[in-house]
Structure formats: C-alpha cells, structure tokens
Amino acid sequence: MTARTAPLLREEVPGRRDELIALCAQAFGGAPWHDPPRGAVRTADRLVGSAARRADFRAVAALGPDGALRGLAAGWTDTVLSGAGPAFELAELAVAPAHQGRGLGRALHDALLAAAPAGPALLMTLDVPELTGRYARWGWTLADRRRPDGDDRAYALMRRP
C-alpha cells in the first residue's frame with residue numbers, strides 16, 4: 001500500500017472538494033462506472049453537503065506521503081436504503097486507479113466500518129460481478145436488486161450484519 005489511512009473529519013471535507021472531484025472523476029470515470037465528469041462534481045458536492053449537515057458523517061482518507069488524497073470511504077446512518085429502520089450506509093468508496101490493486105480499498109472499507117455505529121450496514125453498487133463479488137468477499141450479502149428512476153443501470157443493494 002502506498003498510502004496511509006486516517007480519519008477525515010467533517011470540518012476537513014469542504015477544503016478537499018477539488019481533490020474529491022478529481023478522485024471521483026478518476027475512480028468512477030472508467031469501467032465499470034463510466035460516469036461523466038459532472039458525476040464527480042455531484043458526488044463531491046454530496047459528500048461536502050453530508051459532512052456539513054450530518055453529525056453521524058464518517059470518512060476515512062487514504063493519503064500519500066505528500067498528504068494528497070488517493071482514496072476515500074465515507075458513510076452515514078440513514079433509512080433511505082433500508083426503507084425502514086436506520087442502518088449505516090457505506091455511501092462512497094473510491095480509490096484512484098493508480099493506487100488500486102494494493103489493498104487500499106479494503107483498508108478504507110475496514111477502517112470506515114470500524115468507525116461506524118454498531119448495527120447493520122448497507123451499500124448500493126452497480127450490479128456487476130466485479131463489484132458485487134468484491135463486496136461478497138468482504139462479508140456483504142445481496143439484499144435486493146434495484147433500478148433507480150432515471151438510471152438505466154441495475155444496482156445491487158448489499159447488507160452486512
């Protein structure tokens with residue numbers, strides 16, 4: 001691993017907006033996501049907004065020796081995915097392509113879940129074997145399949161006890 005993981009405090013997130021946009025553009029611009037650049041801006045702004053208004057916002061950053069952002073995992077407690085009681089939502093997990101395949105995503109994932117409140121956790125990801133298989137290896141199980149309005153892609157809702 002070429003980076004260290006560290007908590008990213010709510011107050012630090014707005015100051016890293018440009019880095020978040022760049023990270024999301026790199027991580028989600030290629031396969032399997034193929035998100036357009038405006039998607040990176042939308043994701044970064046969602047993280048900045050969530051950090052500003054959610055007391056339960058949690059984030060873990062992967063930082064290079066120079067302090068540059070190389071990856072991020074973030075989440076919060078919500079009822080949107082569960083449709084019922086509150087569950088911790090792993091909302092974003094992104095690693096810059098140049099740093100993938102070295103265990104950094106797993107380190108971010110594990111650190112974020114260690115900082116999450118006790119109880120169930122949920123995530124929604126593209127319903128492709130590359131992603132659902134990775135999360136299954138990390139202890140997640142398929143809970144549902146969804147196709148959100150306005151998106152022609154299929155998603156997997158995954159749960160971790």
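# Exercises on a predicted model

His109 is a residue of helix H3, which covers residues 104–115. The structure is a predicted model.

## Exercise 1

Determine whether His109 is buried or exposed, and list which residues His109 touches.

Solution.

Step 1. The cut-off for a buried residue is a relative accessible area under 20%.

Step 2. The relative accessible area of His109 is 0%, so His109 is buried.

Step 3. Leaving aside residues up to four places away in sequence, His109 has contacts with Ala73, Leu90, Leu93, Tyr135, Trp138, Trp140 and Arg160.

## Exercise 2

State how many helices and strands the protein chain has, and in what order the elements run.

Solution.

Step 1. There are 4 helices and 7 strands in the protein chain.

Step 2. Read from the N terminus, their order is β-α-α-β-β-β-α-β-α-β-β.

Step 3. For 161 residues the globule rule gives 15 Å, and the radius of gyration of the protein chain, 15 Å, is close to that value, so the chain is as compact as a globular protein of that length.

Step 4. Along the principal axes, the C-alpha atoms occupy a box of roughly 40 × 30 × 30 Å.

## Exercise 3

Find which residues of the largest nonpolar core touch the most other members, and which element gives the most to this core.

Solution.

Step 1. The largest nonpolar core has 29 residues, and those touching the most other members are Val13, Leu20, Leu47, Phe57 and Leu72.

Step 2. At least two residues of this core come from each of helix H1 (17–29), helix H2 (37–53), strand S2 (58–63), strand S3 (69–78) and strand S4 (87–95).

Step 3. H1 gives the most, with 6 residues.

Step 4. Take Leu47 as an example: not counting residues up to four places away in sequence, Leu47 touches Val13, Leu20, Phe57, Leu72, Ala74, Trp76 and Glu92.

Step 5. Another core, of 20 residues, lies apart from the largest one; Leu90, Val95, Leu113 and Ala116 are among its members.

## Exercise 4

Describe the protein chain as a whole: what percentage of its residues count as buried, and what share of its accessible surface belongs to carbon and sulfur atoms?

Solution.

Step 1. Among the 161 residues, 43% count as buried.

Step 2. The accessible surface is about 8100 Å², and carbon and sulfur atoms account for 53% of this area.

Step 3. Of the contacts with a separation of 6 or more, 61% are between residues 24 or more positions apart.

Step 4. The chain carries 21 positive and 18 negative charges, and their mean positions are 3 Å apart.

Conventions
Residues numbered from 1 in each chain as written. Predicted model: local features only at pLDDT ≥ 70, side-chain atom pairs only at ≥ 80, totals over all residues. Heavy atoms only, no water. Rg over C-alpha atoms; globule rule 2.2 N^0.38 Å. Buried < 20%, exposed > 50% of the residue type's maximum accessible area, 1.4 Å probe, protein only. Contact = heavy atoms within 4.5 Å. Areas by Shrake-Rupley, 256 points an atom, 1.4 Å probe, with all protein chains shown as cover. Lys, Arg positive; Asp, Glu negative; His and termini not counted. Charge placed at Lys NZ, Arg CZ, Asp CG, Glu CD. Core = buried A, V, L, I, M, F, W, Y, C linked by side-chain atoms within 4.5 Å.
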